Amino acid sequence: MKKGRRMRITAAFFAAMVCFTVLSRAADQAGIAVVQTERPQNRMIEHTVRAAGRVVQNQELAVTTEPDQRVQAIYVNEGDRVAKGDLLFEVDMTLLQEKILYQQQEMEKQSLQVTDAKSRKEVSAQQKASAQAQASEQYSLATRQAGVQVKRAKEKLAQAKKALKKFRKASGTPEDSNGVEEALSLALQEKTDAYIAAVQELDTLKWRIENAVNTALNQARYGVSLTANQTVFTQAAGDDEAVSDGGGGYSGTETTAPDGTGDNVLSSDSSGAGSDMPSADLGSPSPDMDIILPGNETYSDTTSDGGGGYSGAETTAPDGTGDNMLSSDSSGAGSDMPSADLGRTSPDMDVILPGNETYSDTMSGDGGGLPSDMDMILSGDETYPDTIPDDGGGYSGTETTAPDGTGDNMLSSDSSGAGSDMPSVDLGSLSPDMDMILPGSETYSDTMSDGEGGYPGTEITAPGSGEAYPGSSPGGAGGYYTDLYGGSSGVPSAGFTQPTEQELERVEQSVRNSYSQELKKAQKKVKKAQEAQAAAEAALMQYRQERLKTSGSERAATEMQLIANLEAARQAYEDAAIAANAAAVTSGRAVQIAGIPDASDSSDRTNEITYEQMELSLQKLENLREAGGKVYAAADGLITKINIMTGEKTTDTTAILMADLAKGCRFTAEITKEQEQYIGAGDAVTLSGSGKERLEELPVESVAEDEAQEGVYRVSVRVPDGVFEIGASATLDFCRKSEQYTVTVPLSALHLDEKKQTYVLVPEVYESIMGTGSRARRVDVTVLEQNESYAALAEGVIDSRQEVIIGADRAVDDRSRIRVADGT
Amino acid sequence: MEKILKISVYLMLTAMALAICFPVLFAVSGVFMEQWELERYLGPVLGGADGMAAWPLLPHAPTLASLVELLIDSPQFFVMFWNSMKISLCILIGQTAFGVPAAWGLARFAFPGKQVILLLYIVLMLMPFQVLMLPEYLMLDRLRLLDSHAAVILPAVFSTFPVFIMYRFFGSIPEEILEAARIDGAGSLQIFFRIGIPLGAAGIVSSGILGFLESWNMIEQPMTFLKTKALWPLSLFLPEIGLKEAGLGFAAALLMLIPALLVFLSGQEYLEQGIAAAALKE
């Protein structure tokens, strides 16, 4: 290779190297980001809230008119200002007149309907009363007839006895010297009494079962307990049974001790929820005392007479041996019950505390006239005392006092309201042979028959507290319905549903099952009593026949005849007694049915209400007519909306909506959740309108989240009158300043990495092959507070002398080569 | 028969020449390869990939990307290139300025201790850089020349190797020529400039070429004495290159070869004489 050529190649190579050196440097410089830097400054962070909104009225007025009226003319437009009394619109008078006429006719029709409904109700009430009276009459008739028959049978029996005695005396038949016949006869008498009592008990039980079934079915079917019409059949028998008294005579269903040994019958009522019971403190009564505390609607037909004959309702001892009658009523929810503190009652005392609607017939003492015999009757109001008029004493009304006034204590107490008490019966030291019945409402507290082995000892029956006959106390805590329907009160539960046939059958079966044991027992008892009676009768007959064999045949035949007569009379008496009970039960039931109230009928009141409403409506129409069909503005205002059109009919909604100028106006604007952090109620803001209107230092009334839009808040500022028009748009400005921060940088200096870590970039000098250069370095920082322009950083990482990159002509990140622009 | 032997010798020599040239071909073909191709071939050696390294003579997808990247996007390369040029030329000038008179003095003048000095030169010439590194470092530090190009240039300027080569050339000039010059009235300087340098030009050039090649390729001295990267010569560019920039490395190697090649070609005949002269015995 020649020298010259070598030189040219060398020169070209170096020239190329020089060119590429320049080129690569230029390219390198073009890739370097030019950045602006700034030192952190000491400043406050200001949060500016700016929101555009509108001025609205504080209160709107709705102008309405009668519906279905044709609009004849509208005198205002939306946006109009109106003064109070300005005419807004008017309606067609012809149509208005027609409407008034029509309304008047309708009212007349309604008036007639009201009259009809009232009339129907009155008739219905009369019919009901009549039916009840009829049932009561039939009851009294039946029982009276039965009483008469019993009396007659008894008389016949006595006659037969007398005839036999007389014959024996006349024929010189030796009297039953050893008293065998007497004993046998007495035994027969006792067996007969027991038999009658057993049959009566069975009858009563059967009725009670039927009644309980009905009650249960009604409860199940309608969810209500017809408590007001339940009947309590109280039968109180003293330790001496009715038939065996000296005076004799049938003493009604419940026979008290006729011998004046002292029956205390306390009959009380707690209707409604029936949670309360009578509280009877009897102190320390003497033995031989019956206390009966039946619930409401009680038939405590306890009769007993000394002088014989059936004594009527609440007949006190005519001899004035001292009847205490305590009458109490606790109506309504039945909160309280009579509290009868009888102190130390004397022996042989009857205390009766019947509640309301009580058949507390027949209190009777005995004709013995013993001063210690005293009857106490505590009878409530609404008593049916009338059923059985007595022969001797006559009918004695509700509270019959002793006519001779020898010392009747009548304690009458009434307490109504919600009840929560329970009976407190302090019996002190009751002696044996005392019956006490504390039934709740609707209780059959019948048949106290101790003495002869019925219920020996003290008997306390308190159905209200769960020991009652099932089904008889729906309001009781432990009653049957409580178990069945879960309710603890007698009122229907709210979510009552109509039961199916199967359910009803089940209910009925359940009630019957609950009584089956008792029924069997009663039937057994009847059978047993009948057998015992037959045996006693056979024994007596045998004895008599044997005795007759020893005497002459002719006399024997005659005596035989007399004995047969006596037996016939006895059987007739038995039949009469049983029949009397059956009659009382049957007719009592009729009275109960008649007492069932009719379904409530409020059609008359409903019609009246409708009429009143129509009257009001007519009044409005007439007012409009008087105004000539014209509707005026009720206050100064601005028409904001018109819902009616000329020629169209009005509706029942607002016709015209207007802003009430008297109530002022306010500015409302929407702000974001971020802005909401910096503005609150009471902050002083500036409002500027589209023109020159400007209001400063106005306090914010409220800042609340918009219910319709999530994340949007509504600022409300009360605006003084006269500056802004209603509907005008305005802008709200508010600035909240923070504390003084020493390190604040422009927001453009902040960067966020993918891990949400905030950092700034600072320039740093570095060494490279190219010489000394600048590059960005990342510094992680903590932002204390920021607004849309600046951010305050926590001190320590960046100080106020450290330059921070606040901008660049291209993307810059950690270790990017940079060149700091001049003038920054 | 003789012809066959001749051909076989030629073939053998050609094969050996190709084997010697292979690294150059290696570098040239690497310049035109794509990055992915280089990584595939060199991965087993440099990148820890499995298998054996391979090298095709022709690239699979020829490209000038590496060359363009080096020339346009690598200003560092040019910084180092011109650093290398600066260092090499300064060394060359320095060696010429100080080495030529020294070699002439040793070769043409007789003075006491001349043999000792010559022996010292030879001993120093044979010593490797590693031996001299620490004393040189300490001295440069004392002179506060560290981390400057002078730290590389000055020790090389006073290198003994060029003196030794030129000593041989100047020593081979016949004494008669110098006598004739003296008779014609030439002084010592005139003889040095008018006779010594022209007749010893081959030695000067060859020592210059060798000196340039040595300084162009020097690695240890810049690494030891230069801390600032901006002062580094091109010989330190390649150690900075990894597998990811293999293409750039090949391109840089190719460009680095060119100045050395040009210098060699321009002084090829003098270099041959110089190498021969160095081998001559006194």
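In chain A, Arg81(A) stands opposite Leu638(A) of strand β24(A). The model is a predicted one, in which local features need pLDDT of at least 70 and side-chain atom pairs count only at pLDDT 80 or more, while totals for chains, interfaces and linings use all residues. Residues are numbered from 1 along each chain as its sequence is written, and chains are lettered from A and ligands numbered from 1 in the order in which they are written.

Strand β5 (residues 81–82) and strand β24 (residues 637–642) of chain A run antiparallel and are joined by 2 bridges; two strands pair if DSSP finds at least two bridges between them. Strands (E, at least two residues) and helices (H or I, at least four) are DSSP runs numbered from the N terminus. β24(A) also pairs with strand β25 (residues 656–660) of chain A, in the antiparallel sense over 5 bridges, and there Leu638(A) has Ala659(A) as its bridge partner.

The loop between β5 and β6 (87–91) of chain A holds Gly85(A). Gly85(A) is exposed because 10 other C-beta atoms lie within 10 Å (buried means 20 or more, exposed 12 or fewer, partly exposed in between, with C-beta atoms placed from the backbone). Although 550 residues separate Gly85(A) from Ala635(A) in sequence, their C-alpha atoms are 7.1 Å apart.

Turning to chain B, the axes of helix α3 (residues 65–73) and helix α13 (residues 246–266) come within 8 Å and cross at roughly 75°. That makes α3(B) roughly perpendicular to α13(B) (65 to 115 degrees; under 35 is roughly parallel, over 145 roughly antiparallel, the rest oblique). Axes are lines fitted to C-alpha atoms, for helices over the stretch in contact, with angles from 0 to 180 degrees between N-to-C directions.
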